[in-house]
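Reader: I am new to reading structures. Please pick one part of this model and take me through it closely, then show me what lies around it.

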Amino acid sequence: MKKIKIGVLGGYRGTSMINYCKRADNAEVVAICDKAPEALEAQRQNAQGLDITYYDNFEDFIHHDMDAVVLANYANEHAPFAIRAMKEGKHVFSEVLPVQTMKEAVELIETIEQTGMVYAYGENYCYMPATYEMKKLYEQNKIGELEYAECEYIHNCEPIWHSITYGERDHWRNNLYSTFYCTHSLGPIIHSTGLRPVSVTGFEGTKVQRDRNGGAKSGAFGIEMVTLENGAIVKSIHGGLYRNSIWYTAYGSKGRMECAREDANAGHVSRIYVNADPGEGHYGHGTLETYEPKHGMEDRAEGFGHGGSDFYSMYHFVERLRGNESADTIDIYEALDMFLPGMFAYRSILDGGIPKAIPNLRDKAEREKWRNDTACTDPKVAGDQLLPTCSLGTPDIPEATYERMKEKWDAECQKEEGNYRAMAFKQGSKASK
Ligand SMILES: NC(=O)c1ccc[n+]([C@@H]2O[C@H](COP(=O)([O-])OP(=O)(O)OC[C@H]3O[C@@H](n4cnc5c(N)ncnc54)[C@H](O)[C@@H]3O)[C@@H](O)[C@H]2O)c1
């Protein structure tokens, strides 16, 4: 079998994709790039015996002979690297999130259209056992037409904040806004139903002490109340409430499907409940079914993170490159359907909670309005359109907070147990955010 040659940018989360290639029969990793010497060294250990070239800078890396690149670099910097890679003739698998400004969104779409390269958005939560089953069931019309859905990605990162921000004041995790990291929650609903979001109202948690303790400048959590093109409403919540939760429910015109709540101790996202009638107007004629759905490649996905979804998102990307028509990848239009509700929810929050229309960049005329829109919370990119990181204003966090985080991180680096980076190399990423 011809193996797709893959290069990976980013040596933390990128470990998951490197490990995919190590085990796969359809892909091989040929180059790894990270500017952090310790990340490269750890990857050398991880990939002993393999023929891999290591780079400490993207400009040299991108000229390596390879078919595709995985972008597992900073979450707010994917678009410029995706654009550079496609202009060099490389296909792209992008980690979350796809872009950080509307300007980047327009440029990225146009680059994909012009180059014809494959772009796959790595929203792995769409490939978890229950969420993937929800897609299959929706396509089979099991619950009828979507009327309402809820989705949650709650991750209390306070205990690991030092090991995912390293005491860097301007790490993207410290500078993001509350509704930025929205695709782990919204993504599976969009991917299951194929419905486009048309408007959004945003809310954010303003009890922020736990966030400020570690140096994060955003609201505590974000909520998007999204209206889809058919009139269905979705409530999406994500961020740092105290107890973790990954949960999805969807109500249709003849039933409901949802995964198990974590505290039910019933299999979590590996278990689904389907309570649907045979047809609309046949209330109560259905039966409640509950089971642990299977993808069919469990042996190959064994040990991969996020319920095995880390395996499937890469598998489908590689199969797409090998010409497999049934490969299920997430293209840029769908990626933006997952992300723009978060971007525009924040504009709604900053505007006192009024609804915002969500642009449809499939429409070329619509792109003109956004071509120069650089509004975001990243000072390097926003120019004179810089947004505050929180509706309360950008907080002034004392330097001592970051020094404390750095000390904790340095101490953790001395021991392997409990070290995010060490665990990431073993498991292909521990943190989800
Ligand atoms: N899908 C998931 O479940 C999941 C889980 C964890 C992280 N992520 C995503 O993975 C990405 C990376 O997150 P992370 O946890 O690895 O932490 P991170 O963002 O701190 O690490 C990024 C790595 O990329 C390297 N890097 C950044 N810019 C570079 C450049 N220009 N040249 C060379 N190296 C560069 C850094 O040195 C660092 O090692 C983010 O986009 C994040 O959203 C996704």
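Author: Start with one cut-off: a residue is buried if 20 or more other C-beta atoms lie within 10 Å of its own. Keep in mind that this is a predicted model.

Now take Tyr 166. It has 20 C-beta neighbours inside 10 Å, so Tyr 166 counts as buried. Look for Tyr 166 in the loop between α7 (161–165) and α8 (172–175). Its backbone stands out too. Phi of Tyr 166 is near 60 degrees, a positive value in a residue that is not glycine.

Compare His 268. Here too phi is positive, near 55 degrees, and the residue is not glycine. His 268 sits in the loop between β12 (255–259) and β13 (272–276). But His 268 has 19 other C-beta atoms within 10 Å, so it is partly exposed.

Next, the cores. Nonpolar side chains tend to be buried together in soluble globular proteins. The largest nonpolar core in this model has 109 residues. Ile 6, Val 8, Leu 9, Val 70, Leu 71, Ala 82 and Val 92 have the most contacts inside it. Helix α13 (residues 332–350) gives the most to this core: 11 residues.

Go back to Leu 71 for a moment. Set aside its neighbours within four places in sequence. Leu 71 is then in contact with Leu 9, Gly 10, His 78, Phe 81, Ala 82, Val 92, Phe 93, Ser 94 and Glu 95. Leu 97 is in the loop between β5 (91–94) and α5 (102–115).

Now turn to the strands. Six of the eight residues of strand β9 (residues 221–228) are buried, so β9 is largely enclosed by the rest of the structure. Strand β8 (residues 197–204) runs antiparallel to β9, and seven bridges join them. In this pair, Phe 203 stands opposite Ile 223. Strand β10 (residues 233–239) also runs antiparallel to β9, again with seven bridges. There, Glu 224 stands opposite Ser 236. Four residues lie between the strands in the hairpin of β9 and β10, where Gly 231 takes a positive phi near 95 degrees.

Finish at Gly 194, in the loop between α9 (183–193) and β8. Gly 194 has 14 other C-beta atoms within 10 Å, so it is partly exposed. Gly 194 and Asp 337 are 143 residues apart in sequence, but 9.4 Å apart in space, C-alpha to C-alpha.

Technical notes
Residues numbered from 1 in each chain as written. Predicted model: local features only at pLDDT ≥ 70, side-chain atom pairs only at ≥ 80, totals over all residues. Core = buried A, V, L, I, M, F, W, Y, C linked by C-beta atoms within 7 Å. Buried ≥ 20, exposed ≤ 12 C-beta atoms within 10 Å, placed from the backbone. Helix = DSSP H or I, 4+ residues; strand = E, 2+ residues; numbered from the N terminus. Contact = placed C-beta atoms within 7 Å. Pairing = 2+ DSSP bridges.
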